[in-house]
Amino acid sequence: MSLLLNVTDLTVEYPTRFGTFQAVKNLDIRLEQGEIHGLVGESGAGKSTIGQAIMGLIPNPGYIATGDIELNGESIRDLSQTQYHKLRGAKISMIFQDPQTSLNPLLTVEEQLVETIRQHSNVSYDDAFSKAVGLLEETGISDAKTRILEYPHQFSGGMRQRVVIALALCTEPDLIIADEPTTALDVAIQKQILDLIKHLAKKRSVGFILITHDIGVISEITDRVSVLRNGELQEVGPTRIVLQRPTNEYTKALMAAVPRLDKKLDRFANILDDEVQLSTPELLWKVDGASPEFASNWLLTGERHESDDKPVLDIQNLDVTYFKKGMFSFGNDEGFKALDDVSLSIPAGKVLGLIGESGSGKSTLAKSIVGLVRPSAGQIEFLGEALKFGKARSRQDATRRKIQMVFQDPYSSLNNRRKVEDIIGEPIRFFGLAKDAAEQRKIIASILELVEMPQRAMLKYPHQFSGGQRQRIAVARALVARPEFLICDEPTSALDVSIQAQILNLLKDLQAQFGLSILFISHNLAVVRQMADEVAVLKNGILVEKGEVESFFSGPKDPYSQLLLSETPSADF
Amino acid sequence: MMLEAWRRIKIENEFVYLFLANRVAQLAALVALICILGAVLAPLIAPSDPYDLATFDILDSFTPPAWSEGGNPQFIIGTDDQGRDLLSSIMYGMRLSLIIGVLSVTFAAIFGTAIGVAAGYLGGRFDTIVMRIADVQLSLPAILTALLVDGIARGLLPREQHEDLLLVVLSLAIGLSLWVNFARTARASTFVERNKEYVQAAEIIGLHPIRIMLVVILPNILSPLLVIGTVDLAVAILLEATLSFLGVGVPPNQPSLGTLIRIGTEYIFSGEWWIVIFPSFALIFLIISINVLGDFFRAYLNPRLR
Amino acid sequence: MFAYVSRRLIQSIFVMLTVSLLAFAMFRFVGDPIAVMVGQETSIEDQERLREQLGLNDPVIQQYGRFVSNLLTGEFGFSYRTRQPIGEMLLERAPATIELGIVSLLISLIVGIPAGIYTALRNDGFLSQTILITTLVGISIPTFVIGIFLIYLFGVQLGWLPTFGRGEVTEIGWWKSSFFSIKGLEALILPAITLGIYQLTLTMRLVRSEMQDVLNTDFIKFAVARGINYRSIHYHHALRNSMVPVITIIGLQFGGVIAFSIVTESVFQWPGMGLLFLESIRYVDIPVMAVYLVIIALVFVVINLIVDMLYFAIDPRVRLQPEAG
């Protein structure tokens with residue numbers, strides 16, 4: 001095999017008003033023909049910038065400061081824009097993350113494919129057309145002859161990504177840069193797309209640079225991997241070796257933070273420091289008498305349900321049907337059944353992990369419990385009493401305090417226009433949990449420290465914090481209502497792996513300390529494995545399996561569960 | 001210490017940073033400031049009072065600007081057909097334009113935002129009805145709506161009363177033609193915010209819908225409304241001038257920029273160009289400066305436009 | 001297709017009903033129609049008889065029904081001021097406004113769309129920045145001031161072009177057209193530019209911002225990454241996508257042109273519908289105002305329907321969506 005791509009000492013800089021920002025620092029990458037090289041790192045690692053640099057498409061005002069990029073032994077760094085553009089497609093192509101947005105909605109697949117093929121080779125329309133059909137077949141689109149005439153919106157997400165791959169391949173490039181090609185897809189489809197990429201790399205001996213944040217994807221298909229952090233290369237080598245025996249401190253910490261599918265850990269060890277350095281005055285700022293101990297004592301006081309063997313939450317035969325609302329829809333529409341005859345119970349003091357892909361109805365279930373969605377049939381019992389559905393639940397209903405929720409996206413779940421103090425203070429104020437303003441402040445400061453935030457955070461606005469810190473604030477807001485039941489709806493899916501590990505540790509600690517009952521919703525099997533005592537699997541609104549966590553992961557019974565488990569890219573290393 | 005603080009603000013505060021980097025916006029802010037000061041302080045600094053019949057003399061009429069032949073240094077940019085000092089008239093006219101502009105935009109903003117937020121948050125039938133009405137209103141251009149409201153007011157009110165209430169009628173007429181912009185923007189933004197998790201978090205604990213709309217959602221949608229407000233202020237001033245020019249706004253004895261231009265047009269053929277030119281430029285400068293600032297706000301709030 | 005069209009049609013009918021209700025309310029409740037129609041000396045009994053005769057004592061719903069059916073059959077009633085039938089008055093003046101509107105709309109599209117594309121593609125160029133600053137000035141100058149400046153320059157100073165009226169018109173049946181004589185065309189130039197400039201700047205800014213939005217999408221970036229030539233990316237991929245929203249606004253603009261012609265017609269004493277409307281406001285001639293309102297709304301509704309049909313042709317996402325979806 002010969003050397004396809006040789007990047008040496010690459011530095012990409014962006015001038016900003018704070019000074020020059022180096023997105024990539026002195027980076028080397030080597031890629032053989034037919035090799036799949038993974039670039040892995042958390043947000044801000046500079047992975048996408050590398051792809052853009054190779055494509056010659058660094059967005060303004062960024063530029064390559066030092067280094068060289070050689071393709072097939074020839075330097076391409078100093079090519080003019082026109083020469084570079086001839087290279088794109090012909091030698092290097094790219095696959096984007098979201099197949100929903102990367103195809104032109106107004107042109108048929110035929111038009112897009114044929115135009116691309118004829119751009120780079122002098123063939124007749126008919127030849128280009130038959131080549132296009134052949135490519136679609138190769139990328140796994142059945143009935144390609146008729147489907148090629150369709151528009152992108154007529155394809156499903158996975159099929160669209162196949163079209164995108166066909167488009168990237170149709171000019172027979174030597175190198176394809178795939179930027180998070182499966183991040184927007186469900187697990188089962190992700191597996192198919194990854195298999196396709198692997199197959200194409202071998203068969204056509206195309207080099208792939210695969211950019212991803214997902215260690216699972218890396219371990220699944222890459223031959224070699226580069227681990228990046230803040231624009232710097234941490235470690236590079238054959239994938240198995242880097243993942244199994246990392247030598248670099250960061251890589252070690254990163255691997256330790258990856259939730260494992262094969263066994264449950266009590267805690268994630270060897271976690272990286274929190275990303276934001278806090279100065280000393282920040283840490284010294286205290287509210288009088290506030291401390292984590294005060295918070296734990298305060299959380300354990302107050303009215304509480306005596307725990308017995310009965311489940312906290314018991315869902316019986318729950319149906320949720322969404323009707324399409326429109327001005328001109330008359331009569332009884334069939335509606336769309338988001339949940340179909342779901343029965344589930346959550347034992348006191350335990351964590352139930354609810355697994356499902358997008359559209360499985362897992363968030364609908366959470367919303368039904370908190371009263372945001374009105375079920376059409378069935379019953380939900382909370383502490384032995386039936387919960388009122390939807391708007392029928394009064395605003396003063398006691399369960400509004402006892403059931404709390406932590407949302408998926410910490411960037412949208414906190415009100416950016418209110419101080420942290422007001423955000424956490426709202427439930428205290430609303431439920432009348434504090435005697436006076438002074439006590440309220442003390443509680444807020446203490447709770448913040450309980451979730452490992454400095455007390456001074458209460459004076460700031462959410463945008464001044466990182467994603468992980470925001471999620472801690474969101475957890476504090478849920479805790480401060482003194483809930484007996486907590487719903488966590490994908491609480492870590494918007495976070496980087498190392499931050500995810502921190503939040504999962506925090507949730508585990510809080511659960512153990514306060515004996516919380518938790519409904520933990522996630523699409524990520526490995527995360528559920530780390531958190532849950534019991535597991536339930538939803539598919540298209542139907543509960544296909546429920547059971548104890550260890551027995552589920554050692555041998556799922558339902559075929560869908562088996563499929564999920566087998567197709568989740570596992571980081572077994 | 002102060003200097004150090006200012007240096008930090010200059011870099012860290014995006015708004016200040018962008019403003020300092022944008023010469024055009026600075027110039028616009030300066031022009032707007034001069035216009036506003038001139039208008040606000042008109043009774044104090046204007047050479048004469050165009051409302052006070054005793055201060056002007058018909059014999060001074062058609063005096064050209066001071067620097068041209070036959071000019072009089074007392075009237076820097078000349079006088080109009082009744083001998084009123086043009087500079088004073090422009091300052092008072094600017095005052096009237098700004099008052100009507102601010103009043104009508106305030107009215108449109110409050111009314112439109114309230115309806116838009118409610119429609120976006122409550123949804124359902126209320127939303128459907130309100131937005132259908134907005135659609136109908138949108139199919140009538142602002143100028144037409146303002147003319148119609150003014151016409152209806154003329155039909156309903158006796159003549160004297162109509163003139164007394166002129167400020168209110170004009171502001172209402174212009175405000176009613178602008179509320180849809182606010183309502184649609186507020187509704188669209190509320191619609192986006194409503195589905196965000198922080199609003200759901202507030203709903204779950206059972207916060208009152210009014211509190212959710214006012215305390216939780218409203219602060220998050222103010223930015224686009226601010227842009228609309230700036231743009232609409234320019235539109236409102238333009239509408240007022242247009243109505244006055246058409247002779248259905250401010251009556252000719254009250255100097256508004258529109259009426260001054262209207263008077264001026266009668267004399268462009270006879271060579272008294274200054275009566276139309278100076279009020280026109282005053283109006284144009286005022287509106288351009290507001291529009292430039294509006295563009296700047298928009299660029300600041302939508303980084304993709306930069 | 002059928003469901004799509006019928007949904008739009010129902011919405012349009014709703015709009016027209018609302019506007020006609022508004023017009024009816026104006027007609028019926030702003031001032032007393034009888035008091036305006038008859039002289040001072042008419043006796044109370046005569047007034048009452050006339051009231052009965054005109055059906056003003058009938059239930060309001062019935063009156064509204066009659067109002068709508070009159071409108072549908074082209075019975076627009078009589079002007080308070082001139083006592084002429086409104087239909088005739090409007091018909092006589094409609095050609096002037098329509099011709100003025102079409103010409104200025106054409107000016108705004110022919111100049112505005114290319115300028116918008118140019119400034120979107122060459123964002124930082126000198127010419128681009130100049131055009132952008134000019135348009136900012138363009139939207140800031142009131143239409144009537146533009147008109148006055150043009151009159152001053154080309155009418156008063158240079159004396160090249162007529163500054164009021166339609167000049168010479170050619171009659172084709174009842175339609176009086178400016179298009180068939182030099183004098184008529186000359187008279188059309190200044191008003192059309194005046195009316196067109198504001199729409200032009202709007203069109204240009206809109207095309208520019210839509211085009212920039214599209215140029216930032218993933219599918220354009222993907223096309224660049226595939227090495228498609230820039231000409232095709234700009235004019236085949238990007239332009240087509242940015243035309244979808246542009247068409248909507250252009251549809252709305254035609255109505256805007258008709259309405260803004262009120263101002264232009266006033267500046268140039270152009271004998272169109274706008275001038276008629278303005279006179280009716282000055283003399284509180286409510287029936288003319290009401291009918292004008294209905295007609296403007298109708299123009300809008302019809303144009304919007306046409307725009308929706310165009311959507312259907314351009315955007316496969318509208319065309320090929322599942323009927324029930």
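Modeller: Let us begin with a single pair of residues. The side chains of Arg211(B) and Glu426(A) form a salt bridge, with 3.0 Å from N to O. Please bear in mind that this is a predicted model.

Colleague: How many salt bridges does the rule find across the interface of chain B and chain A?

Modeller: The rule finds 1 salt bridge across that interface. It also finds 11 residue pairs in polar contact there, both residues being at pLDDT 80 or more. The largest share, 6 residues, comes from helix 10 of chain B. Sorted by class, this side of chain B has 11 nonpolar, 7 polar and 7 charged residues.

Colleague: How many residues of chain B and of chain A are in contact, and what area do the two chains bury between them?

Modeller: In this interface, 25 residues of chain B are in contact with 27 residues of chain A. The two chains bury about 2200 Å² between them, and 57% of that lies on carbon and sulfur atoms. Within chain B, the residues that lose the most area to chain A are Glu197(B), Ile204(B) and Ile205(B), which together account for 32% of what that side buries.

Colleague: How should I read the interface of chain C and chain B?

Modeller: The reading follows the steps already taken. Here 44 residues of chain C are in contact with 39 residues of chain B. About 3800 Å² is buried between these chains, 80% of it on carbon and sulfur atoms. The rule finds 1 salt bridge across this interface, in which the side chains of Asp295(B) and Arg205(C) meet at 3.0 Å, N to O. It also finds 2 residue pairs in polar contact, both at pLDDT 80 or more.

Colleague: Which helix of chain C gives the most to the side that touches chain B?

Modeller: Several helices of chain C supply at least two residues each, among them helix 1 (2-29), helix 8 (182-215) and helix 12 (286-314). Helix 10 of chain C gives the most, with 8 residues. By class, this side of chain C divides into 32 nonpolar, 9 polar and 3 charged residues.

Colleague: Which residues lie nearest the centre of the largest cavity?

Modeller: Of its 14 lining residues, Ile423(A), Glu426(A), Arg477(A), Tyr198(B) and Ala202(B) lie nearest the centre. Glu426(A) is also a partner in the salt bridge with Arg211(B). Helix 16 (420-431) of chain A and helix 10 of chain B each supply at least two lining residues, and helix 16 of chain A gives the most, with 4. The lining comprises 9 nonpolar, 1 polar and 4 charged residues.

Colleague: What is the volume of the second largest pocket, and how many residues line it?

Modeller: The second largest pocket has a volume of about 1200 Å³. It is lined by 48 residues, with His213(A), Asp214(A), Ser493(A), His523(A) and Asn524(A) lying nearest its centre. Elements giving two or more residues to this lining include helix 19 (497-514) of chain A and helix 10 (197-204) of chain B. The lining has 17 nonpolar, 18 polar and 13 charged residues.

Technical notes
Residues numbered from 1 in each chain as written. Chains lettered and ligands numbered in written order. Predicted model: local features only at pLDDT ≥ 70, side-chain atom pairs only at ≥ 80, totals over all residues. Heavy atoms only, no water. Contact = heavy atoms within 4.5 Å. Buried area = accessible area lost by both parts, 1.4 Å probe. Salt bridge = Lys/Arg side-chain N within 4 Å of Asp/Glu carboxyl O. Polar contact = N/O pair within 3.5 Å; in protein donor to acceptor, adjacent residues only side chain to side chain. Nonpolar A, V, L, I, M, F, W, Y, C, P; charged D, E, K, R; others polar. 1 Å grid on protein atoms, 1.4 Å probe; cavity = no way out; pocket = protein on both sides within 12 Å on 5 of 7 lines; lining within 4 Å. Points joined across faces, edges and corners; volume = space filled by probe spheres on them.
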